[in-house]
Amino acid sequence: MLAEIDVAIIGAGVIGLAMAGETGQRKRKVFVFEKNHSFGLETSSRNSEVIHAGIYYPEDSLKTKLCVEGRSLLYELCDRHGIAYKKLGKIIVAVNENEVTQLEKLYEQGRKNGTHDLMLLSRTELKKLEPNIEARAGLLSPSTGILDSYSLLKFLYSQAMEKGAEFVFNTEVIGIEKAGTKYKVQIRDQDGVSAFVARVVINSAGLNSGKIAQLAGMNMAKVGYVLRYCKGEYFSLGSKYRNLVGRLIYPTPEQAGNGIHVTPGLDGRVRLGPNARYVEAIDYGVDETQREAFYNSAKRFLPRIELEDLAPEFAGIRPKLQGPGEAFRDFVIAHEEKADFPGLINLIGIESPGLTASPAIARYVGKMVREVLD
Ligand SMILES: Cc1cc2nc3c(=O)[nH]c(=O)nc-3n(C[C@H](O)[C@H](O)[C@H](O)COP(=O)(O)OP(=O)(O)OC[C@H]3O[C@@H](n4cnc5c(N)ncnc54)[C@H](O)[C@@H]3O)c2cc1C
């Protein structure tokens, strides 16, 4: 007889950790399986650490709803549990007439999305707030912030353990098979391959989430869960640029990302990035030949910077559902009952604003889990 648990969560990134705290209540047996030796070693620690306001996406999308809800929950969580953050505010800048029109559209979209504190800024107003920025106009989002993502991950991990969730590191999920109304889950660790039975399987495997859905037997082409990798690299600016800007400064958005932005860290150090490049394999190296492209991109609105002051820093990879040039795709957060996989919950394409949305995603999935188990 195989051991039986209530909930198997695949992946201990910010999403798996937040869900483990949410579902690990009511004496349920919740296990989190993570292939790495610790939590949060992939996308959750390779991002901009921005608490987004929820400006860019369509108003009826999960990205918007869960970002707006997650942002409030995240600020509350940081306040309550001493997680370092700064509500710096962000300015999206327009350097030409075309971009000014785009800013006006973003302002409208943001308001539709429930972000009511946005302000359009003239060149003079922008200059007063950010003397080192050169642009025609700006869009100020006062409720955007930055946080210490490692502290958040550590807090979510401790909270999940307190609620009774168990973490199994260095353990990769390699098979999922229907077993009546439950699932037989196969894992591989240093001792070899073993299996157990779970009533609910939550797939929060980030860059591997598409493969996990496929392992469970889902037809990827039919459901549209094929993931692409879209790399985002960062360059840091030297210490002489400390406090160069007081807020996050973004260009008007590009198709695959929000554009190479300027982010002051909690310590005042300034970073540029991320870019957005579709790649075939997971490789976190930073391509130094990108330096000039970063420089040219930031120089448009930050004339004081010098090419030689940019140093490669780190990279992350977005799990994207849309390929280059394709239309907007929302987060997939689905209980796959209709596809004949009751008890399987897939989270696929959890790119930005996944960090911001994480507490709201946990609540959303918590409800699905209760519907199956209660
Ligand atoms: C460049 C970049 C910048 C970003 N900036 C922001 C930002 O500023 N603000 C924001 O809100 N969001 C941002 N995001 C998005 C955010 O980082 C992600 O949405 C979030 O971290 C996703 O978390 P996750 O838990 O789904 O994935 P991950 O952190 O990748 O976790 C998935 C885990 O699953 C594990 N795993 C995979 N396969 C298996 C298996 N078979 N068995 C066991 N374990 C497995 C992996 O090892 C990994 O630890 C950014 C993302 C990128 C790439």
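Me: Which residue stands opposite Tyr85 in β8?
Reply: In this predicted model, the residue of β8 facing Tyr85 is Leu147.

Me: And how many bridges join β4 to β8?
Reply: Two bridges join them, and the strands run antiparallel. Strand β8 covers residues 145-147.

Me: What is the strand order in that sheet?
Reply: The order is β3-β8-β4, in an open sheet of three strands with antiparallel pairing. The edge strands, each pairing on one side only, are β3 (50-51) and β4 (85-86).

Me: Turning to the ligand, which residues come nearest?
Reply: There are 39 residues around the ligand, and those that come nearest are Glu34, Ser44, Val50, Ile350 and Thr356.

Me: How does the shell divide into nonpolar, polar and charged residues?
Reply: The shell around the ligand has 15 nonpolar, 16 polar and eight charged residues.

Me: What is the distance from the side chain of Thr356 to an oxygen atom of the ligand?
Reply: An N or O atom in the Thr356 side chain lies 2.7 Å from a ligand oxygen atom. For Asn47, a side-chain N or O atom is 3.2 Å from an oxygen atom of the ligand. A polar side-chain atom of Asn36 is likewise 3.2 Å from a ligand oxygen atom.

Me: How much of the ligand does the protein bury?
Reply: The protein buries 98% of the 1000 Å² that the ligand exposes when taken alone.

Me: Which elements give two or more residues to the shell?
Reply: They are α1 (14-23), β10 (172-179), β18 (310-320) and α9 (354-373).

Me: Is α9 mostly covered or mostly uncovered, and where is its kink centred?
Reply: Helix α9 is mostly covered, with 14 of its 20 residues buried. Its kink, of about 40°, is centred on Ala360.

Methods:
Residues are numbered from 1 along each chain as its sequence is written. This is a predicted model: local features need pLDDT of at least 70, side-chain atom pairs count only at pLDDT 80 or more; totals for chains, interfaces and linings use all residues. Side-chain values use heavy atoms; hydrogens and water are left out. A residue is near a molecule or strand if one of its heavy atoms lies within 4 Å of it. A polar contact is a pair of N or O atoms within 3.5 Å; within protein, one must be able to donate a hydrogen and the other to accept it, and residues adjacent in sequence count only if both atoms are side-chain atoms. Accessible areas come from the Shrake-Rupley method with a 1.4 Å probe; for residues, only the protein chains shown count as cover. Helices (H or I, at least four residues) and strands (E, at least two) are DSSP runs, numbered from the N terminus. Ala, Val, Leu, Ile, Met, Phe, Trp, Tyr, Cys and Pro count as nonpolar, Asp, Glu, Lys and Arg as charged, and the others, Gly among them, as polar. The bend at a residue is the angle between axes fitted to the seven residues ending there and the seven starting there. Buried means under 20% relative accessible area, exposed over 50%, partly exposed in between (1.4 Å probe, protein chains only). Two strands pair if DSSP finds at least two bridges between them.
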